[in-house]
Amino acid sequence: MIDTLIDVTLLAFLAVTAIAIIKVRNLFVVIMLFGIFSLHSAGLFVVMDAADVAFTEAAVGAGISTVLMLATLALTRNQQEKMPVHRARLPLLVVLITAGALIYGTYDIPSFGDSRSPSQEYLKPQYIERGVKETGTPNIVTALLASYRGYDTLGEVTVIFTAGIGVLLLVGGRITRRVKPGESGPERRKIDET
Amino acid sequence: MIDIIIGHYNYWVVIFLMMAGFYTVINRGNLIKKIAGINIFQTSVFLMYISIGYVSDGTPPIIAEGFTKYSNPLPHVMILTAIVVGVSTTALGLALVVRIKEAYGTIEEDEIHDQDMSL
Amino acid sequence: MKHNLILRVIAKFLFPVIALFAFYVQFHGDFGPGGGFQAGVILSVAFIFYALVFGLKTTEEVIPPHLLRILASMGILIYAGTGITTMLMGGNFLDYNLLSLTPIQGQHIGIMVVEAGVGITVFSVMLMIFFAFAGRERPQETDHD
């Protein structure tokens, strides 16, 4: 009962934060609200018994993502968003149609928390029974991540590494540059690599 | 009717969050807000996956004495991967925003479009 | 921010605590929530906090950027190297059962080494990205309308 109450409260907070992110125009406030959104969703992951995921979401979403967005805001010096010039009718219509289709699709999903749903069979009992015997780690998520699905994790670490290289290529140099308003396109500049 | 609502309210709120992020991406012109919208969309998709793997009266999937019902560890593994990949792509997107600002002088989408059209 | 006494004292005090927690999470990933990803992010957050208080130049003297690039590649090489080691021992790629005398021991060693590789790469990439963003000079605007 108390679990359901916490669940509903956190979901309500998430919905209100999402609406606030859409409506607010000051970008600094938007980034702070985004950090709050990540933290609430981490709390929701804890309530839904996903300890590892909550850990990662709190550290990554409310930590690294917010810091990087603030750094981008400092580099682009843009405080206010411009008012949208075109009406919101067509995007709202597209969003409503997509939402209707998705909600129509949720009628086939088994109830929230059902332990006899098809997603809880076929592989989960096998991993839970054989996990400790074969790998010796009580944390089944770590056993899956590092041993049973170790190849996927290798690909994921490669993705992280590639993103790091990409960011280094894009913004890694220290430059001095004069931006005149009205100018477009790349210019000559002196790149001073460290 | 009431048990359909009790069984599915989680998914409906998650769909609302998804649509909020989607709307931010397609309607707002500021690039940083678009990236925030994409992240909201991503986080709500993670919420849906973890909701699918949730077992009521269960515990986190760490084997311990005295517990028999565990949550499904397979969505957890997938979402753990997806969160870190998501922050990597966000970092790349933000780096692109910085370079666009340096090249065009603005990060509003319609001004960038006008500058491109006037070339 | 380094002229603020409270921030300086707190940053110097908290940095080893956060780093210790990161190492705890890394090595106890087998028995509780945790693992390589979380530990890498938490350790990089410790350095980012230090950089926010004491400035980027001081932090770059603590951990130079070229070392970060070496660490990022080393993490992936440790991971892939484990797989190639098991292949050279005659098994499949990333088959941890061959790494030691008993399969369970081999799994323990394999998981620990692999998670260490993941933690090193995640830490260095996150810190590398932060240094790249924070070290870039802001564009000077010549004319203001």
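A residue is called buried here if 20 or more other C-beta atoms lie within 10 Å of its own, exposed if 12 or fewer do, and partly exposed in between, with C-beta atoms placed from the backbone. By this rule, 41% of the 145 residues of chain C count as buried. The model is predicted, and local features need a pLDDT of at least 70, side-chain atom pairs count only at pLDDT 80 or more, and totals for chains, interfaces and linings use all residues. Residues are numbered from 1 along each chain as its sequence is written, while chains are lettered from A and ligands numbered from 1 in the order in which they are written.

Chain C has 5 helices and 1 strand, where helices (H or I, at least four residues) and strands (E, at least two) are DSSP runs numbered from the N terminus. Read from that end, the order of elements in chain C is α-α-α-α-α-β. The radius of gyration of chain C, taken over C-alpha atoms, is 20 Å, well over the 15 Å of the globule rule (2.2 Å times the number of residues to the power 0.38), so chain C is more spread out than a compact globule. Its C-alpha trace spans about 70 × 35 × 25 Å along the principal axes. Two residues are in contact if their C-beta atoms, placed from the backbone, lie within 7 Å. Among the contacts in chain C with a separation of 6 or more, 62% join residues 24 or more positions apart.

Chain A holds 7 helices and 3 strands, in the order α-α-α-α-α-α-α-β-β-β from the N terminus. Of its 194 residues, 37% are buried. Residues 24 or more positions apart supply 39% of the chain A contacts with a separation of 6 or more.

Two packed helices are described by the angle between their axes and the distance between the axes. The axes of H3(A) and H2(B), residues 31–52, come within 12 Å and cross at roughly 175°. Such axes are lines fitted to C-alpha atoms, for helices over the stretch in contact, and angles run from 0 to 180 degrees between N-to-C directions. H3(A) and H2(B) are therefore roughly antiparallel (angles under 35 degrees count as roughly parallel, over 145 as roughly antiparallel, 65 to 115 as roughly perpendicular and the rest as oblique). Residues making this contact include A:Gly61, A:Ser65 and A:Met69 of H3(A), together with B:Asn39 and B:Thr43 of H2(B). By class, the contact has 5 nonpolar, 5 polar and no charged residues.

Most residues other than glycine have a negative phi. A:Asp49, however, has a positive phi of about 65°. A:Asp49 sits in the loop between H2 and H3 of chain A and is buried, with 25 C-beta neighbours inside 10 Å. B:Asp57, in the loop between H2 and H3 of chain B, also has a positive phi, near 60°. Is B:Asp57 buried or exposed? B:Asp57 is exposed, with 10 other C-beta atoms within 10 Å. B:Thr24 lies in H1(B), residues 2–27, and is buried, with 24 other C-beta atoms within 10 Å. Leaving out residues up to four places away in sequence, B:Thr24 touches residues that include A:Ile21 and A:Ile22 as well as B:Gly37 and B:Ile40.

Methods:
Nonpolar A, V, L, I, M, F, W, Y, C, P; charged D, E, K, R; others polar.
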